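The entries follow in the order I made them.

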Amino acid sequence: MDVTRPIEIFLLENVPGSRAKKSFDPDEDLLEQGAIDSVTLMQLVSFVEQEFRIDVSDEDLVIDNFRSIRSIQGLVDQKREART
């Protein structure tokens, strides 16, 4: 299951000012670009949990796990592997 596209769509639809964008590069630093603030981060965490049926723990809430679409993909993959 592709993880990056649903996350990209979420960001394009929910990040203020990103509606003018056509896409996010999977390695783009979302924090450096100002795409994610604390409110958006919590919305993104909720989305990731629901969309990919994983639990994001307090220990997972570190900047490096949400810095880019690719890093979020890594977190999702790690959580899925831990279930099996």
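I began with Thr-4 and found it in helix 1 (residues 4–14). Helices (H or I, at least four residues) and strands (E, at least two) are DSSP runs, numbered from the N terminus. The model is predicted: local features need pLDDT of at least 70, side-chain atom pairs count only at pLDDT 80 or more, and totals for chains, interfaces and linings use all residues. Residues are numbered from 1 along each chain as its sequence is written, and side-chain values use heavy atoms, with hydrogens and water left out.

I looked up what Thr-4 touches, leaving out residues up to four places away in sequence, and got Ile-69 and Gln-73. Contact here means heavy atoms within 4.5 Å. The side chain of Thr-4 also makes a polar contact with the side chain of Asp-2, at 3.0 Å. A polar contact is a pair of N or O atoms within 3.5 Å; within protein, one must be able to donate a hydrogen and the other to accept it, and residues adjacent in sequence count only if both atoms are side-chain atoms.

Next I searched the whole structure for aromatic pairs and found 2. Rings of Phe, Tyr and Trp (its six-membered ring) pair if their centres lie within 6.5 Å; planes under 30 degrees apart count as stacked, over 60 as edge-to-face and the rest as tilted. Phe-10 and Phe-47 have ring centres 4.7 Å apart and planes at 20°, so I noted the pair as stacked. This pair links helix 1 to helix 2 (residues 38–52), across 37 residues.

For Phe-47 and Phe-52 the centres are 6.4 Å apart and the planes at 80°, so that pair is edge-to-face. I logged Phe-10, Phe-47 and Phe-52 as one aromatic cluster.
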